[in-house]
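Here's a quick tour for anyone meeting this structure for the first time. Have a look at the model, then read on.

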Amino acid sequence: MDTLWRIDQACFDAQLAYSRTELALYMRRPGSFTLVAEGESGEVAGNGKVPASILGFIVAETRRKSGHIITIDVVAEARRAGVGSALLGAAEQELRRAGAVAVALETPVNNAAAIRFYKQKGYFVEKTVAGYYSNEMDALVMTKDLRRSLVR
């Protein structure tokens with residue numbers, strides 16, 4: 001848990017990162033699951049505080065027929081290597097197995113790289129939520145229909 005929390009702290013600024021308590025709460029909610037991406041022994045995967053084998057993780061949940069991506073975190077050294085795509089694809093498969101027909105997530109309106117990534121994975125912007133992050137920053141709610149999409 002502490003390793004995943006440290007990765008989350010490194011991936012997001014203080015306004016966006018979860019506290020230890022928040023992350024633990026999301027990971028333990030009914031219907032939630034956490035997937036961890038591990039690299040081969042000896043791969044560089046962090047700033048020295050994170051074990052080399054953990055490249056990233058995703059926390060998601062299902063509620064009835066809908067899924068929700070709570071967070072997806074990939075250490076800086078493993079970005080653009082397919083780790084995020086693999087995590088998202090595996091989470092979407094798990095959501096489908098749990099009966100979800102659609103999935104949603106939130107991302108800051110100013111995170112162009114994340115928005116581009118999600119659009120490439122078949123997500124579209126459904127709406128903007130003002131003040132979503134700490135009542136200061138707006139978020140885009142992005143959704144994907146899991147019935148019409150193939151795992152990418």
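Let's start with a pair of charged side chains. Asp2 forms a salt bridge with Arg20, and their closest N and O atoms are 3.1 Å apart. Asp2 sits in helix H1 and Arg20 in helix H2, so this pair ties together parts that are 18 residues apart in sequence. Keep in mind that you're looking at a predicted model. The structure holds six salt bridges.

Now for the two helices themselves. In general, a packed pair of helices is described by the angle between their axes and the distance between those axes. Here, the axes of H1 and H2 (residues 20-28) come within 10 Å and cross at roughly 115°. The crossing of H1 and H2 is right-handed. On the H1 side, the contact is made by Asp2, Leu4 and Trp5, while H2 brings in Arg20, Leu23 and Met27. Sorted by class, the contact of H1 with H2 has four nonpolar residues, two charged ones and no polar ones.

Next up is the largest pocket, with a volume of about 1200 Å³. Its lining counts 45 residues, and Phe12, Ile72, Asn111, Ala114 and Tyr118 lie nearest the centre of the pocket.

| Class | Residues in the lining |
|---|---|
| Nonpolar | 22 residues |
| Polar | 13 residues |

The largest share of the lining, nine residues, comes from S3.

Technical notes. Residues are numbered from 1 along each chain as its sequence is written. This is a predicted model: local features need pLDDT of at least 70, side-chain atom pairs count only at pLDDT 80 or more; totals for chains, interfaces and linings use all residues. Side-chain values use heavy atoms; hydrogens and water are left out. On a 1 Å grid over the protein atoms alone, a cavity is a set of points where a 1.4 Å probe fits but cannot get out, and a pocket is an open set with protein on both sides within 12 Å along at least five of seven lines; lining residues have an atom within 4 Å of a point. Grid points are joined across faces, edges and corners, and a volume is the space filled by probe spheres set on the points. Helices (H or I, at least four residues) and strands (E, at least two) are DSSP runs, numbered from the N terminus. Ala, Val, Leu, Ile, Met, Phe, Trp, Tyr, Cys and Pro count as nonpolar, Asp, Glu, Lys and Arg as charged, and the others, Gly among them, as polar. Axes are lines fitted to C-alpha atoms, for helices over the stretch in contact, and angles run from 0 to 180 degrees between N-to-C directions. A crossing is left-handed if the near helix is turned anticlockwise from the far one by less than a right angle, and right-handed if clockwise. Contact means heavy atoms within 4.5 Å. A salt bridge is a side-chain nitrogen of Lys or Arg within 4 Å of a carboxyl oxygen of Asp or Glu.
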